[in-house]
Amino acid sequence: MITTKLSDVEFFSSCINTDIPELSDISFLAKNGDISEATHVFAGYIRNFLKNESEMAKRKQGLLPSYDTLKKEAERVKGHTLISCRVPYTFGGVIDWEFNPTYNNYKEWPWVLNRHFDWSHLANYYLVSGDEAFAFERASQYLSWAVQAQCPDDVLDHPNGSIGETKCWRTLEAAIRMTCWPGYIKIFSQSPSVSDDVITVFFKSVCEHGRHLSKSVSERNFLIQEMNREVNTT
């Protein structure tokens with residue numbers, strides 16, 4: 001299992017509603033060391049729960065741009081050319097989510113990169129093509145982010161929450177991710193390229209986002225985004 005600040009045992013025993021019949025034994029499994037089975041049970045429940053949402057997303061294909069446009073943008077992202085603040089950059093093998101390629105060290109570039117808007121291109125093209133290479137790429141990019149972008153222990157002491165030095169966990173980006181990510185998981189939840197571990201790490205991170213945003217001390221537009229997403233992640 002990919003390491004996050006939120007442990008597997010805590011997630012399965014404290015963050016899951018065990019009143020749901022399908023998940024009633026998940027805390028017992030985790031506390032007894034059977035993390036693999038707990039992960040399998042949880043991911044199976046999520047796939048079944050989101051099955052109708054995935055089908056509904058497919059029925060909205062007509063609202064998407066042309067197939068050629070979708071493919072072009074998805075291949076760009078698959079090739080690790082990501083765009084932030086209208087400035088593209090091509091990463092090598094692994095995307096560095098804290099890297100800033102701008103000549104003047106423009107701080108917004110890594111912040112906006114961590115809103116993960118480019119993942120929408122992988123999701124939309126997968127929706128119309130069913131090409132598993134793009135589901136696999138989305139899972140790979142997500143896991144690379146989860147490994148690198150460990151949730152801060154606390155919000156930094158700053159008028160705008162965690163705006164300080166962290167490039168992945170400014171509270172505005174954390175809130176915006178909770179707007180984008182649910183749509184992505186609905187589309188990819190049925191993919192065989194998205195493993196039980198990926199689904200579980202995804203929802204562990206959602207819990208971390210909720211906890212992080214609940215500690216926010218922001219104001220104005222930051223606060224509006226944070227409160228909106230906090231309600232939907234806790």
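The model is predicted, and local features need pLDDT of at least 70, side-chain atom pairs count only at pLDDT 80 or more, and totals for chains, interfaces and linings use all residues. Residues are numbered from 1 along each chain as its sequence is written, and side-chain values use heavy atoms, with hydrogens and water left out.

**Confidence**
- The protein chain has an average pLDDT (the predictor's confidence in each residue, from 0 to 100) of 86, and 84% of the residues score at least 70.
- The pLDDT is below 50 over residues 219–224, a stretch with nine contacts (heavy atoms within 4.5 Å) beyond near neighbours in sequence.
- Residues 229–234 also have a pLDDT below 50, with twelve contacts beyond near neighbours in sequence.

- Not counting residues up to four places away in sequence, Trp181 touches residues including His116, Trp119, Phe202 and His209.

**Ser205**
- Ser205 lies in helix H10 (residues 196–214).
- Ser205 is buried (under 20% relative accessible area; exposed is over 50%, partly exposed in between, with a 1.4 Å probe and protein chains only), at 4% relative accessibility.
- Beyond four places in sequence, Ser205 touches Tyr142, Trp145 and Trp181.

**Cysteines**
- The structure holds zero disulfides (pairs of cysteine sulfur atoms within 2.5 Å).
- Cys85 is partly exposed at 28% relative accessible area, whereas Cys180 is buried at 14%.

Key. Helix = DSSP H or I, 4+ residues; strand = E, 2+ residues; numbered from the N terminus.
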